[in-house]
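Colleague: I am new to this one. Could you show me the structure and take my questions?

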Amino acid sequence: MSKQIINYSLKTWEELIMNHLIVFAHPNQKSFGKGIVDTIVKVSEEKGASVRVRDLYEIGFDPILKPSDFEAFQSGKVPEDIAAEQEHIKWADVITFVYPVWWTSVPAILKGYVDRVFSYGFAYEAVDGSPRGLLTGKKGLLFCTTGTPNEMYSENGMHNSMKQTTDQGIFNFSGIEEVKHTFFGSVPYVPDETREDYLKEVSKIVKDTLQ
């Protein structure tokens with residue numbers, strides 16, 4: 001009887017541990033974006049979460065979707081590099097993207113990651129002619145840095161446009177319903193105190209998400 005209680009307790013504790021996957025897309029390891037990643041890792045571990053970081057530049061992820069990829073998907077043989085990333089996605093309870101905004105969009109390497117990894121049959125499927133997301137039960141976070149002031153992007157509607165393409169077009173489309181997207185503006189130009197405040201905001205958001 002006591003053995004059953006112990007096993008049940010261990011299983012319950014494992015179920016309480018959240019798995020946090022961070023997908024980072026910035027070529028500069030000294031960027032403020034890397035500081036955001038380091039903060040996310042620190043806070044997540046303090047909250048007892050298991051953390052994995054996929055630094056797309058560091059691992060040399062190939063963002064080009066090839067004809068051979070389509071052929072592999074159709075045959076049911078997922079390319080090895082895509083299969084590895086899909087395992088990380090499946091493992092995660094929380095998926096966080098950290099990236100700089102370039103030309104009001106995500107860096108090409110991150111777009112290629114989505115193109116190849118969030119594939120049909122894995123991230124979504126068609127049911128009676130309508131798409132259905134398959135990554136249900138997960139949470140999504142996006143932290144973006146921009147050189148443009150937040151006020152300008154908010155006023156001209158660009159923040160909403162970017163949220164629509166990522167939050168709705170990628171995360172919601174894939175079945176991830178609870179999504180929070182945060183922009184940090186004028187990063188190269190603000191004083192250090194402001195960047196410190198940005199990191200405090202990151203900490204609070206991550207703590208709240210991992211509750």
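Colleague: What percentage of the 211 residues count as buried?
Modeller: This is a predicted model: local features need pLDDT of at least 70, side-chain atom pairs count only at pLDDT 80 or more, and totals for chains, interfaces and linings use all residues. Residues are numbered from 1 along each chain as its sequence is written, and side-chain values use heavy atoms, leaving out hydrogens and water. Buried means under 20% relative accessible area, exposed over 50%, partly exposed in between, with a 1.4 Å probe and protein chains only. By that cut-off, the buried share of the 211 residues is 44%.

Colleague: Where is Gln 29 found?
Modeller: Helices (H or I, at least four residues) and strands (E, at least two) are DSSP runs, numbered from the N terminus. The protein has eight helices and seven strands. Gln 29 lies in the loop between β1 (19-24) and α2 (32-46).

Colleague: What is the relative accessible area of Gln 29?
Modeller: Gln 29 falls in the partly exposed class. Its relative accessible area is 37%.

Colleague: Which residue's side chain does a polar contact join to that of Gln 29?
Modeller: Contact means heavy atoms within 4.5 Å. Leaving out residues up to four places away in sequence, Gln 29 touches Phe 24, Lys 34 and Asp 55. A polar contact is a pair of N or O atoms within 3.5 Å; within protein, one must be able to donate a hydrogen and the other to accept it, and residues adjacent in sequence count only if both atoms are side-chain atoms. At 2.7 Å, the side-chain partner of Gln 29 is Asp 55.
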